[in-house]
Each structure stands twice: as structure tokens, then as C-alpha cells.
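Please look at the model below before reading on. The paragraphs after it go through selected parts of the chain in turn.

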Amino acid sequence: MMRRLLLCAVLLPALGGCASWFEGSVAYEPTPLKPLQASSGPRVLWQAGVPAGERGLFTPYLDDGRLWVAGSNGKVQQLDAQSGRVLSSLDLKQPLVSGIAADAGMLFVGSDRGELLAVSAADGKLVWKQTLTSLLAEAPQLADKVLIVRAADGRVSGFDTQSGRQVWTQWQTQPALTVRATTPQIRVEGSDVLLVGEAAGKISAYAAERGELLWQATVAASRGASELERVTDVVSQPMFDGRRVCAVAYQGRVACYEARGGQQLWARDLGSSRGLYSDGKTVFVTADDGVVWAYDADSGRNLWKQDDLRYRNVTAPVKLGDNLLVIDGEGYAHLLSSLDGRIVGRSSLKVNGTLSRPLLAGDVAYVLDAEGRLAALTK
């Protein structure tokens, strides 16, 4: 029984919900889509085939109008962000476990040997490498001249981008059971603050260049009789909206905190491993069952919920124009009114099972699935 329950916990983010083990099924049937009388997009600008990230979090990276995409097989492509045209291709000739970051003519990525690699963006030649304590868990992020990485054992470290020298490292004690992340957990704000979703229901704010812990808060405390019931990891990116930091925990709560000191402003019971988005006025959350919720950012008052996408394997939302964009597991892109949650637009994409939040750049969102299908959308 415990093996079956543990499997359910590991697969829950990918399946959108686990049925009771008495029922003989691990997933609920997706809610059928209702016809739309009128649709206002989103509009598909282009779609392209890119290297497939079959294992790990292979999020695309946007750098000065160019998209960098890496695949599990070590292939890397650079595309024009406006047209989707391939600008260059590299073969690093070794399996990779994460997406890529780019800066000053160098690319940073993690290998399946537990190494952090810096290679030339021009020819793929190795500039430096560092051995990590475990495999890279997500794509690196840049904070000026410090490269931030999170390893699968929960260790977060900073490396000098030019030399590869480790500048700092932080590690939080890990519980016996953790949830497999399907979206990044670290987020660099500006070049000086790093926000990290941690195990055991915590979020941490670090000084990105020095690694100093600025504050830490508990989004959701463990509760329940079994280890499985006590899993409350924050396995999505915390959000900073200019005034507050907000985060959501699996099997836990959504909460917002004062950005400078970490004092809790409000919290509501809602579990998610998908993530949230805040525009400064409203906090939008996709729960693990696919229901999208909206809360007043100041008070935490529930404004609306949209449950027409229940069990459809829905991504975290992003703000596209005046509406919200989410992608479901069948490759449909949905636009939701940010005012009342109504579905106001829908487009069918040639993507499948997308889990990570779309990458937003101005009025364009980039969606990548595990099979190497990349789409650019606009309002």
C-alpha cells in the first residue's frame, strides 16, 4: 500500500490528481471543454521543433531577442524569438539534465554526470566545469556575474560566471519524502535577491551575490498522520510583485509576505505544485486539480475560481495582455479574464503534456513541451 501511495505522490503533478487507491485508477478524467461562443485568441505566432528535454526541466532561455533551447541528447539551438527561425545549432556530445542560461558568449547547463558546464556559445567548447553534489534540478539562473543553480539534493549554490569558482552554497535539511518538481523553484529578482521554494513548506530569500539568508518563512506546516500527508514542499517559483513575495505549497497554503522582512500578510488553504502569478493587485494560482483561483493581493480575499479546466493538467498562469494564459495537458492554450475567470479565448497548439509555466516576454509567451515542440503566442 505504501508503495502505491508513494507512487501517487510522485506522479500527482504530472497526472493532475490521484484517485483513491480503492478505485483502481491513478488519474481523474479531464473535464471536457465547453464550446466557446466567441474567442479572442491567443494567437499563435509560430511553432517549431527543437531538441527534446525528455528528462528534467528544460525551460527555454531568452537573451536579447534570441531563444536558447537545450535537449536531453546534448543538442542546443538558438532561435530568433520573433520568427522562430533557427540561428545556430550546437552538439555538446553529452546528455543533459536541464535547460540552459546564456551570458556574454557563454552557455551554462547541467550534464547527466552531475557537472555544471560553461561552454562557448559560438562553438560549444568547454570553458569550465564544476562537479555538483547531485544532478542539476532545473536550468541555471543569472544574477549579474553570479550563476545560481539548484541541485536535486536541495542545495542552492552560486558560481562566478567567468571562472567557475563557487562563491557560496546553501542547503536546507530535506524531509524523508519530497515532491518531484515539474516547474522551476528558484527565481532571481533584479540581480540582488534570490527567491527559493524549499522542501518542508518553506520559502527563502537570499542575497544573490553573497548567498546570505535574508529571511525565511513557512508557507505551510506539516500535518497529518503519515509521511505522505505531511509533504508540504514549495515546488514552484515564489513571485515578487514589487511589494510582496507570494508562494504556494503542495498540500498546503498560498501565502504572501512583506518583501523586506518576510512577515506574513495573509494565507489561505490551497495546495499546488504548479505555481502562481501576481500582477500586484491579484494573486492567481493553479491548484493541482487544474482549478484556477484568484485572490486579492492585499487582503487574500477570494475573488473568483475557474473550475472548467479541472483535471486537465494545467500550467501556472501568466498575464498576457489583460487576460491570463494557461496551457492544458492536451495542448490547448486558454485565455481567462483576469477580472472574473471566464474563459474568453482558446487555441490548439501542437504541444503535449506541458507542465512548466509559459515563458513570458512582453506580449509574447513561449510554450515548450517535453517532446521538443515550441510555440510562441500573443494576445
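Helices (H or I, at least four residues) and strands (E, at least two) are DSSP runs, numbered from the N terminus. Two strands pair if DSSP finds at least two bridges between them. This is a predicted model, in which local features need pLDDT of at least 70 and side-chain atom pairs count only at pLDDT 80 or more, while totals for chains, interfaces and linings use all residues. Residues are numbered from 1 along each chain as its sequence is written, and side-chain values use heavy atoms, with hydrogens and water left out.

Begin with strand E7, residues 106–110. Five of its five residues are buried, so E7 is largely enclosed by the rest of the structure; buried means under 20% relative accessible area, exposed over 50%, and partly exposed in between (1.4 Å probe, protein chains only). Met106, Phe108 and Gly110 point one way from E7, while Leu107 and Val109 point the other way. Strand E6 (residues 101–103) runs antiparallel to E7 and is joined to it by three bridges, with Asp103 opposite Met106. Two residues lie between the strands of this hairpin, and Ala104 takes a positive phi near 50°. E7 is also joined to strand E8 (residues 115–120), by five antiparallel bridges. Here Phe108 has Ala118 as its bridge partner. The hairpin of E7 and E8 has four residues between the strands, and Gly114 has a positive phi near 75°.

Further along is an open sheet of four strands in the order E10-E11-E12-E13, paired antiparallel. Strand E10 (141–143) and strand E13 (166–170) are the edges; each has a single partner strand, so one side of each is left without a neighbour in the sheet. Strands of a sheet pair through backbone hydrogen bonds, either parallel or antiparallel. Within this sheet, five bridges link strand E11 (residues 146–150) to strand E12 (residues 156–160), and Val146 is partnered with Asp160 in E12.

How many disulfides does a search of the whole structure find? It finds one, where a disulfide is a pair of cysteine sulfur atoms within 2.5 Å. Cys246 and Cys256 form it, with their sulfur atoms 2.0 Å apart. Cys246 lies in strand E19 (residues 244–248) and Cys256 in strand E20 (residues 253–258), so the pair ties together parts that are 10 residues apart in sequence. The link is right-handed, with 105° about the S-S bond. Cys246 is buried, at a relative accessible area of 0%, and Cys256 is buried with a value of 0%.

Strand E23 (residues 282–286) is another strand with five of five residues buried. Thr282, Phe284 and Thr286 are on one side, and Val283 and Val285 on the other. Four antiparallel bridges join strand E22 (residues 275–278) to E23, and five join E23 to strand E24 (residues 292–296). The hairpin of E22 and E23 has three residues between the strands, and that of E23 and E24 has five.

The largest nonpolar core has 26 residues. A nonpolar core is a set of buried Ala, Val, Leu, Ile, Met, Phe, Trp, Tyr and Cys residues joined through side-chain atoms within 4.5 Å. Val283 and Val285 are among the members that touch the most others. E24 gives the largest share, four residues. Contact means heavy atoms within 4.5 Å; leaving aside neighbours within four places in sequence, Val285 is in contact with residues including Val254, Leu276 and Tyr295.
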